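Here is a short briefing on one protein chain. Please read it with the structure open beside the text.

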Amino acid sequence: MRGVNRVMLIGNLGKDPDIQFLEGNIAVAKFPLATTETFKDRTGKLISQTEWHTVVLWRGLAELAQKYLHKGSLVYIEGRLRTRSWEDKEGNRKFATEVVGDNLIMLDKRVDSAHGANNANDHPEGFNSDIPPLGDSSSENMAF
């Protein structure tokens with residue numbers, strides 16, 4: 001039986017997309033995305049739980065993100081999970097799981113996107129900025 005690797009997220013960008021151009025002028029954008037779930041606990045108290053996801057977009061989607069998305073933008077992302085590994089400067093093995101997007105829908109109202117809507121979660125605490133760029137030749141995909 002074949003496996004299914006599918007992710008659907010609706011959330012807000014934690015910062016502006018970081019775009020790079022790899023060999024062959026291939027665009028790749030990376031940004032943190034916050035998804036927040038709200039629920040009531042047993043006492044009726046409202047609880048909000050935020051998860052941070054690293055989103056990677058390639059080629060045309062990356063250029064679209066650079067042009068139209070900014071910190072706080074509300075987006076729908078559909079894609080798949082990918083885990084990469086590499087060795088840091090001290091020789092320690094590091095891992096990063098990212099959402100590689102293949103569908104992007106901008107959900108902001110036109111007025112909001114023009115004014116740079118801010119997200120209440122201004123600090124992407126779970127976003128790991130020490131992850132090397134995608135074009136790093138020492139990176140390799142992990143097979144599961």
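The points below cover the fold, the strand pairing, the salt bridges, one histidine and one surface patch.

This is a predicted model. The protein chain has two helices and seven strands. Buried residues make up 36% of its 144 residues.

**Overall fold**

- Read from the N terminus, the elements run β-β-β-β-α-β-β-α-β.
- Take the contacts between residues at least 6 apart in sequence: 66% of them join residues at least 24 apart.
- The chain exposes about 9500 Å². Carbon and sulfur atoms supply 48% of that area.

**Strand pairing around β3**

- Strand β1 (residues 7–13) pairs with strand β3 (residues 26–40) in the antiparallel sense, over two bridges. Leu-13 stands opposite Leu-33 in β3.
- Strand β2 (residues 18–22) also pairs with β3 in the antiparallel sense, over five bridges. Here Phe-21 stands opposite Ala-27 in β3.
- β2 and β3 form a hairpin with three residues between the strands. Gly-24 takes a positive phi near 85 degrees in this hairpin.
- β3 and β4 pair in the antiparallel sense over 13 bridges. Lys-40 has Leu-46 in β4 as its bridge partner.
- The hairpin of β3 and β4 has five residues between the strands. Gly-44 lies in the turn, with a positive phi of about 90 degrees.

**Salt bridges**

- Arg-6 forms a salt bridge with Glu-78, and the closest N and O atoms are 3.4 Å apart. Arg-6 lies in the segment before β1 and Glu-78 in strand β5 (residues 74–87), so the pair ties together parts that are 72 residues apart in sequence.
- Glu-78 counts as buried because its relative accessible area is 18%, under the 20% cut-off. Arg-6 is partly exposed, at 43%.
- Asp-102 forms a salt bridge with Arg-6 as well, with the closest N and O atoms 2.9 Å apart. Asp-102 lies in strand β6 and Arg-6 in the segment before β1, so this pair ties together parts that are 96 residues apart in sequence.
- Asp-102 is partly exposed, with a relative accessible area of 40%.
- Arg-82 forms a salt bridge with Glu-98, and the closest N and O atoms are 2.8 Å apart. Arg-82 lies in strand β5 and Glu-98 in strand β6, so the pair ties together parts that are 16 residues apart in sequence. Both Arg-82 and Glu-98 are buried.
- Salt bridges that share partners join Arg-6, Glu-78 and Asp-102 into one network.

**His-53**

- His-53 is found in strand β4 (residues 46–58).
- The side chain of His-53 makes a polar contact with the side chain of Thr-35, at 2.8 Å.
- Leaving aside residues up to four places away in sequence, His-53 touches Leu-9, Phe-31, Pro-32, Leu-33, Thr-35 and Val-99.

**Surface patch**

- Which residues form a nonpolar patch on the surface? They are Ile-10, Ile-105 and Leu-107. Together they have about 250 Å² of accessible area.
- Leu-107 is found in the loop between β6 (93–106) and α2 (110–115).
- Leu-107 counts as partly exposed because its relative accessibility is 37%.

Technical notes
Residues numbered from 1 in each chain as written. Predicted model: local features only at pLDDT ≥ 70, side-chain atom pairs only at ≥ 80, totals over all residues. Heavy atoms only, no water. Helix = DSSP H or I, 4+ residues; strand = E, 2+ residues; numbered from the N terminus. Polar contact = N/O pair within 3.5 Å; in protein donor to acceptor, adjacent residues only side chain to side chain. Contact = heavy atoms within 4.5 Å. Patch = residues over 30% accessible without salt bridge, like charges linked within 9 Å, V, L, I, M, F, W, Y side chains within 5 Å. Areas by Shrake-Rupley, 256 points an atom, 1.4 Å probe, with all protein chains shown as cover. Salt bridge = Lys/Arg side-chain N within 4 Å of Asp/Glu carboxyl O. Buried < 20%, exposed > 50% of the residue type's maximum accessible area, 1.4 Å probe, protein only. Pairing = 2+ DSSP bridges.
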